Amino acid sequence: MGAITFLFLAALALRLIYLFQVQTNPAFYTLMLDCRSYDQWAMQIASGSWSFGRIFYQDPLYPYFLAVFYKVFGHDLVLVRTFQCVIGSINCVLIYLITREVYGKKAAWISGILSIFYGVFLYYDGMINKPFLGLFLIDSAILAFIYGVRKEGGGLCFLTGCFLGLAVMVRANILLLMPLFLCWIVLYSKGAKRLTLSISLLAGVALALSPSAIHNYMASGHFVLTTSQAGANFYIGNQSGNNTGTYVPPPFVRATPEFEETDFRAKAEFEMGKKLTAPEVSSYWMKETLNVIQAEPMRFLKNLWLKTRLFLNEHEVPDNHSYLFFKTYYSNLLKWNPLDFGIIGPLGLAGLLFALFRRGDTPFAKFLPLFFLFYLGSIVPFYIFSRYRLPAVPVAIMLSSFFLVTLAEYVKCGAHKKTTLAILTLVLAWLFVNSNIPKEDFSPRFANIANNYFQEQKFEKALTYYNKALKLAPKTAELYFFIGTVYNAMGLFKKAEGNLKKSIEINPNYSASYSGLAIVSMQLKKMDQAEAYFKMALKLRPYAPDYHNNLGMFYTLNGKFKEAGTAFKKALSLDPNFEPARQNLRRFPLK
């Protein structure tokens, strides 16, 4: 059995074992947040809605990949996860091949074995989300680029560009790495070949990105390469209220895929006093962020360092899902597998330093550490998630393998000074990566599971998981709001009222709880209180069309048709596509 076959089969076996273990997670079949958003989007595409109808807000390639899969094989979440594991196993082979080309066979074997067992790869390969696809495309681009530059092949550089362009539609920050690829062609190609290879690379990128750019232009009349999310993401990572280095939604944003874009747009249009296009919304938040940075430059620099530390830290910063949560509760394979960034990070950093400064190696021995640094630089201006770091991990594995082989060579030839320096570098890198590890709060993970049960109208199970979350985070206003919402759906209005009031005690500015209290007060026939709560919710979020619509419903039920009409029209002025308000204007005899 050859090396490639062995690595592929071993990687696939481990990934299938992992899939079998995590089927007990409630979100395995009932998707949530981004996973659900991509799945629903893919189902719309598969049903014939190939155009999104507006500029993309989320990266578009993965839902189209899913849509094609669903069209061919049907909506089978187990099958698509299995296929993703096949792609992830191929990626382990790509890591092996890249390392073999750059650092030799010994390092390649180490890279292949490390990539097979690296727990975070297993975790993302089995998720209905885009990280696995980004890894595959980026590593394919690096391998094609190495061959293309070495052989001075225009076709291979064109293929590199295609892979990079597709990767941009999975992780938009990859576009910021283009200068590195172009500079490498200029530095290590000869004569007229520099121009040929550069044009080939750019042509590949342009071809891959053209469907997204054409779609956005046809949908809006504006030229946008991929998405209109950059301004919002820049603001999230640098707003005055975020000193964590990771995702903290602004107070006016509901942190779910279906609402985030709408809330950023509504707030921008409210502040500007006019309707804005998607590029204008992104531009508004870019300018707002730059204003924040200009007002607080030292805080910005301090947070850049914090985000760099987070990027290089052992901790996998959670997003919709949590690697540590799955490792703790759902997979013994992850639980007993020590191979994560706590090991790869220090080895990779040590390898990065030795690869950059050691003389006599091939040019691509320095390309990989520079890729890692460029990628780091493309992320830290925004904010850090585990899945945002992931595309740099294969390179960290390659650098880890290079370092281990280099250290073994120093020991074998008796180079005591070099051996000592290598070990000292590794120890310092280990301390850097494995110190100040954030303690993860699992309460959002339990709350997400509870949200899924609530959507399925499994209210008792939802309460069980909300209460698990509450035990871990008893001072969380959002959890009391969710519990109040469940009790309201169950018709237990007094319990709903008590929990919603508790939410406001913890956070007097939590507008959703005021809106919830208004609805519950109506059920309890406390109409004066209901009106006061509606108005308080609107005072906190005057740009929320659903709040204006709810107030209109309240006025309608109380026979105040003129006030109701004003409220419904206000909702539509904030969002002309807000269908509930439009239907209410048609439905009720407003005068």
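Predicted model: local features only at pLDDT ≥ 70, side-chain atom pairs only at ≥ 80, totals over all residues.
Is Glu497 buried, partly exposed or exposed? Glu497 is buried, with a relative accessible area of 6%.

## Salt bridges around Glu497

Glu497 takes part in a salt bridge with Lys526, in which the closest N and O atoms are 3.1 Å apart. Lys526 lies in the loop between α26 (511-523) and α27, whereas Glu497 lies in helix α25 (residues 493-506), so the pair ties together parts that are 29 residues apart in sequence. The two partners can be contrasted in their accessibility: Lys526 is partly exposed, with a relative accessible area of 24%, while Glu497 is buried at 6%.

This pair belongs to a network of salt bridges that links Lys494, Glu497, Lys501 and Lys526. Side chains of opposite charge can pair when their charged atoms come close.

A search of the whole structure finds 18 salt bridges. One of them joins Asp263 to Arg541, with 3.3 Å between the closest N and O atoms.

Another salt bridge is formed where the side chains of Glu271 and Lys267 meet, at 3.0 Å from N to O. Both Glu271 and Lys267 lie in helix α12, four residues apart, which is about one turn of the helix. Glu271 is partly exposed, with a relative accessible area of 42%. Lys267 has a relative accessible area of 17% and is therefore buried, since buried means under 20%.

Helix α23 covers residues 459-472 and contains 14 residues.

Which residues of α23 are buried? They are Phe459, Ala462, Leu463, Tyr465, Tyr466, Ala469 and Leu470. These buried residues pack against two other helices, α22 (443-455) and α24 (477-489).

Leu175, Ile214, Tyr217, Met218, Phe223 and Leu225 make a nonpolar surface patch of about 660 Å². Leu225, one of these residues, is found in the loop between α10 (193-220) and α11 (230-238). At 30% relative accessibility, Leu225 counts as partly exposed.

## His75 and its contacts

His75 is situated in the loop between α3 (61-73) and α4 (77-103). With a relative accessibility of 40%, His75 counts as partly exposed. When residues up to four places away in sequence are not counted, His75 touches Asp39, Met43 and Tyr70.

Two of these neighbours can be described further. The side chain of His75 makes a polar contact of 2.7 Å with the side chain of Asp39. Met43 is 32 residues away from His75 along the chain, and the C-alpha atoms of the two are separated by 8.1 Å.

## Two buried arginines

Arg389 has its place in helix α19 (residues 386-389). It counts as buried, at 2% relative accessibility. The side chain of Arg389 reaches the backbone oxygen of His315 at 3.3 Å. Leaving aside residues up to four places away in sequence, Arg389 touches Leu310, Phe311, Leu312, Asn313, Glu314, His315, Glu316, Phe341 and Tyr375.

Arg299 is found in helix α14 (residues 297-311). Its relative accessible area is 15%, and Arg299 is buried. The side chain of Arg299 makes a polar contact with the side chain of Asn243, at 2.8 Å. Apart from residues up to four places away in sequence, Arg299 touches Asn238, Gln239, Ser240, Asn242, Asn243 and Val292.

Methods: Residues numbered from 1 in each chain as written. Heavy atoms only, no water. Expected span 1.5 Å × (residues − 1). Buried < 20%, exposed > 50% of the residue type's maximum accessible area, 1.4 Å probe, protein only. Contact = heavy atoms within 4.5 Å. Salt bridge = Lys/Arg side-chain N within 4 Å of Asp/Glu carboxyl O. Patch = residues over 30% accessible without salt bridge, like charges linked within 9 Å, V, L, I, M, F, W, Y side chains within 5 Å. Areas by Shrake-Rupley, 256 points an atom, 1.4 Å probe, with all protein chains shown as cover. Polar contact = N/O pair within 3.5 Å; in protein donor to acceptor, adjacent residues only side chain to side chain.
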